[in-house]
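Biologist: I want to learn how to read the surface, the cores and the aromatic contacts of a model. Can you show me on an example?

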Amino acid sequence: MTPSIKDQLVRDILVLEHSITSPRDDREICFTFHQVISKLLSNDGFKTILNPSPDTSKFDFMCTKQDSRDRMCISLQKSGKSVHEERVHERVSFAFNYPYNRLILFAPHGFTSACYHFINSTDPLKVELLTLDDLKSWTSKIEIESNLNTHEYEDIIKIVSKTFIEKIAEDPNFLLKIEWREFEKTIAELFEGLAFDVTLTSPSKDGGKDIILELVKKGISMKYIVEIKHWKSKQLVGQKSVKEFLKVICNEKRESGLFLSTYGFTSNAFEGLTELERKKIRFGDQQKIVSLCNTYLKVKSGIWTPLQDLQEVLYEQTF
């Protein structure tokens, strides 16, 4: 996204916030929200279409992505108070009966806690509940396009990531100095250096995964996903985040997933996981990250070669 488009997006959100706090007309809120959501989704390759139908049983917007099966519907909840579970259930049921695989509900005044609990059980439809703060957070994570050409930019990122890897291996406390997106790029460089085929997902809406890893084993392509939580507040990852990541692994039919949390997990984060689920997900903390950095440096120095079975590299020192 260019700087001018992001600046306009920020202004649109401010207008939307003013329309919500000092409501004049529902049509104004709908129009401004469309301006915001269309810019956010277009950054991920979606085309957003305003639904002209006055029938409120239908959705406000439909979204499609070229050369993709992704079909999304968006509903704007204009209630002056928090939206309740019954309304979310109604929207989910409607979307489930149409050719949509993703539903976004936006409520200016938020949702009840029961709504968030409900959407964790909406397989196979993916549901996202957005508030004004979520839109602001989404916008803040969008990266600005560089004036450098692609190759120059990627070369610079690799140099920076390699420097970060060296610093982390030398002193794990250096992690505190790295921003979350820089850290994701550093982890991507780590796995690429260990001979994985690596895809770093979009920072705005990654769908519950930060990195996709691929390797070929006995002629068969195997894909793994990595989720990274790097909170400078040193917050521990809890049970909800673990369950959400497990859901992504199962929905996307990945071989398994690796959940990296810089500062670890809460004592009850793994409660309720079955033996089969524990085989689908591995966990790593700061110790695993430092170990990956050291392994990467050994490979780059030429004193060690990645094992034929890269899965061993992926899973060692995990729990």
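Biologist: What is the accessible surface of the protein chain, and what share belongs to carbon and sulfur atoms?

Modeller: This is a predicted model. The accessible surface comes to about 16800 Å². Carbon and sulfur atoms hold 51% of that.

Biologist: How do I read a nonpolar core?

Modeller: Start with the general idea. In soluble globular proteins, nonpolar side chains tend to be buried together. Here, the largest nonpolar core has 34 residues. Ile168, Ile187, Phe191, Phe196 and Leu213 have the most contacts inside it.

Biologist: Which elements each supply at least two residues of this core?

Modeller: The helices are α6 (150-170), α7 (180-193), α10 (286-301) and α11 (310-315). The strands are β7 (211-217), β8 (220-229) and β9 (256-261). The largest share, six residues, comes from α10.

Biologist: Which residues does isoleucine 187 touch, leaving out those up to four places away in sequence?

Modeller: Ile187 touches Ile211, Ile228, Leu260 and Ile289. There is also a second, separate core of 25 residues. Leu9, Leu16, Val36 and Phe61 are among them.

Biologist: Next, aromatic pairs. What describes one?

Modeller: A pair of aromatic rings is described by the distance of the centres and the angle of the planes. The whole structure holds 15 aromatic pairs. Take phenylalanine 33 and phenylalanine 106: centres 4.5 Å apart, planes at 15°, so the pair is stacked.

Biologist: Where in the chain do phenylalanine 33 and phenylalanine 106 lie?

Modeller: Phenylalanine 33 is in helix α2 (residues 26-42), and phenylalanine 106 is in strand β4 (residues 102-106). Phenylalanine 33 is buried, at 0% relative accessible area. Phenylalanine 106 is buried too, at 0%.

Biologist: Why is the pair of phenylalanine 259 and phenylalanine 265 edge-to-face?

Modeller: Because the planes stand at 75°, with the centres 5.6 Å apart. Both residues are buried.

Biologist: Which charged end sits over the ring of phenylalanine 270?

Modeller: That of arginine 278, 5.3 Å from the ring centre. Arginine 282 lies over the face of tyrosine 315, at 4.2 Å from the ring centre.

Technical notes. Residues numbered from 1 in each chain as written. Predicted model: local features only at pLDDT ≥ 70, side-chain atom pairs only at ≥ 80, totals over all residues. Heavy atoms only, no water. Core = buried A, V, L, I, M, F, W, Y, C linked by side-chain atoms within 4.5 Å. Buried < 20%, exposed > 50% of the residue type's maximum accessible area, 1.4 Å probe, protein only. Helix = DSSP H or I, 4+ residues; strand = E, 2+ residues; numbered from the N terminus. Contact = heavy atoms within 4.5 Å. Phe/Tyr/Trp six-rings, centres within 6.5 Å; stacked < 30°, edge-to-face > 60°. Lys NZ or Arg CZ within 6 Å of the ring centre and 35° of its normal. Areas by Shrake-Rupley, 256 points an atom, 1.4 Å probe, with all protein chains shown as cover.
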